[in-house]
Amino acid sequence: MPATPTPLLDASGLPAGPADIRLIVTDMDGTLLDDAKRIPDGLWPMLAELRRRGVLFSPASGRQYATLFRQFEEVAEGMVFIAENGTYVVRDGAVVCGKRAAYVERTDEAFLAEVRKYYVEHRIVEDVTAVDDEMIKVALFDFGSAEHTTAPALAEFAATHQVVVSGEHWVDVMNRTADKGTALRGLQRALGITPAQTMVFGDYLNDLEMLDAAEWSFAMAGAHPEVIRRARHLAPSNNDDGVLRTVARVLDLPYDGVRA
């Protein structure tokens, strides 16, 4: 990967004319969503045009499937959802890898408010170890810095599990082989889509493996420095509709501008 990504608006870094893209995969928080957690209004007409052209669009997030599905429910038919940082992949209701709800023991409102942002299906229980479900991930919330406080405290688990900083305040502990990149590569194999036909957007450390799986890899402006180092290109920020602007540029689609 290049040490210095090519800025999107630098024409020398992108070929002339629309590229042969078959799959677009984007992280949600800090990438597709703006800082107010809003989906750009322009996404919906763009999705219709992508579908007409036979381009598959896939949200890839640490969020649970139920949360992602609710956000895209009106256009979910035919979409692929890469949820729970790649441990749960769903297309038209068929589970590729996965499970049911999120479970918490804490009941304080400050914590639950954060849980509700990402886990629509969540339940408060007395003992999470007694829950009858197939557990695919443990997510830990840090009111401070997850990267500098919680992640180092979990270092001993790195030998047997995947420990991923998925946001400023979240660390996910998963199966050692699970990540967004593994999910994406499996999807590419299943659909016969190559890395050269794949466009990926990300901003944080849980997006690194996913960026490696695509030749059209974009770090958002303001992304984590390691994400910027690993990506091939830079996209405008999530608050400037960077995903939409980039897709429009590379696929030669109409674009009406950023939200008010």
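Close-up 1. As in every view below, the coordinates come from a predicted model.

**Close-up 2. The buried side of helix 2.** Helix 2 spans residues 43–53, and its buried residues include Leu-43, Met-46, Leu-47 and Leu-50. These four lie on the same side of helix 2, because they cover an arc of only 105 degrees around the axis. An α-helix has 3.6 residues a turn, so residues three or four places apart point the same way. The buried residues of helix 2 pack against strand 2 (23–26) and helix 1 (28–32), and also against strand 3, helix 3 and helix 9. On the face turned away from the buried side, helix 2 carries Pro-45 and Arg-52, which are exposed.

**Close-up 3. The aromatic pair of Phe-57 and Phe-72.** The structure holds 7 aromatic pairs. Phe-57 and Phe-72 form one that is tilted, with 6.2 Å centre to centre and 50 degrees between the planes. Phe-57 belongs to strand 3 (residues 56–59) and Phe-72 to helix 3 (residues 65–72), so this pair ties together parts that are 15 residues apart in sequence. Both partners are shown with their side chains. Phe-57 is buried, at a relative accessible area of 6%. Phe-72 also counts as buried, with 0% relative accessibility.

**Close-up 4. The aromatic pair of Tyr-65 and Phe-81.** The rings of Tyr-65 and Phe-81 form an edge-to-face pair, 5.6 Å centre to centre with 75 degrees between the planes. Since Tyr-65 lies in helix 3 and Phe-81 in strand 4 (residues 80–83), the pair ties together parts that are 16 residues apart in sequence. Tyr-65 has a relative accessible area of 18%; it is classed as buried because the cut-off is under 20%. Phe-81 is buried as well, with a relative accessible area of 2%.

**Close-up 5. The aromatic cluster.** One aromatic cluster is formed by Trp-44, Phe-57, Tyr-65, Phe-69, Phe-72 and Phe-81. Among its members are the tilted partners Phe-57 and Phe-72 and the edge-to-face partners Tyr-65 and Phe-81.

**Close-up 6. Surroundings of Thr-198.** Thr-198 is part of strand 12, which covers residues 198–202. The residue is buried, and its relative accessible area is 0%. Leaving aside residues up to four places away in sequence, Thr-198 touches Leu-23, Leu-184, Gln-188, Ile-193, Ala-214, Glu-215 and Trp-216.

Close-up 7. Asp-241 sits in the loop between strand 14 (233–235) and helix 9 (242–251). The phi of Asp-241 is positive, about 55 degrees, although the residue is not a glycine. At 3% relative accessibility, Asp-241 is buried.

**Close-up 8. Asp-252, in the segment after helix 9.** Asp-252 is located in the segment that comes after helix 9. Asp-252 is not a glycine, yet has a positive phi of about 60 degrees. Its relative accessibility is 53%, and Asp-252 counts as exposed because the cut-off for that class is over 50%.

Technical notes: Residues numbered from 1 in each chain as written. Predicted model: local features only at pLDDT ≥ 70, side-chain atom pairs only at ≥ 80, totals over all residues. Heavy atoms only, no water. Helix = DSSP H or I, 4+ residues; strand = E, 2+ residues; numbered from the N terminus. Buried < 20%, exposed > 50% of the residue type's maximum accessible area, 1.4 Å probe, protein only. Contact = heavy atoms within 4.5 Å. Phe/Tyr/Trp six-rings, centres within 6.5 Å; stacked < 30°, edge-to-face > 60°. Arc of directions from axis to C-beta.
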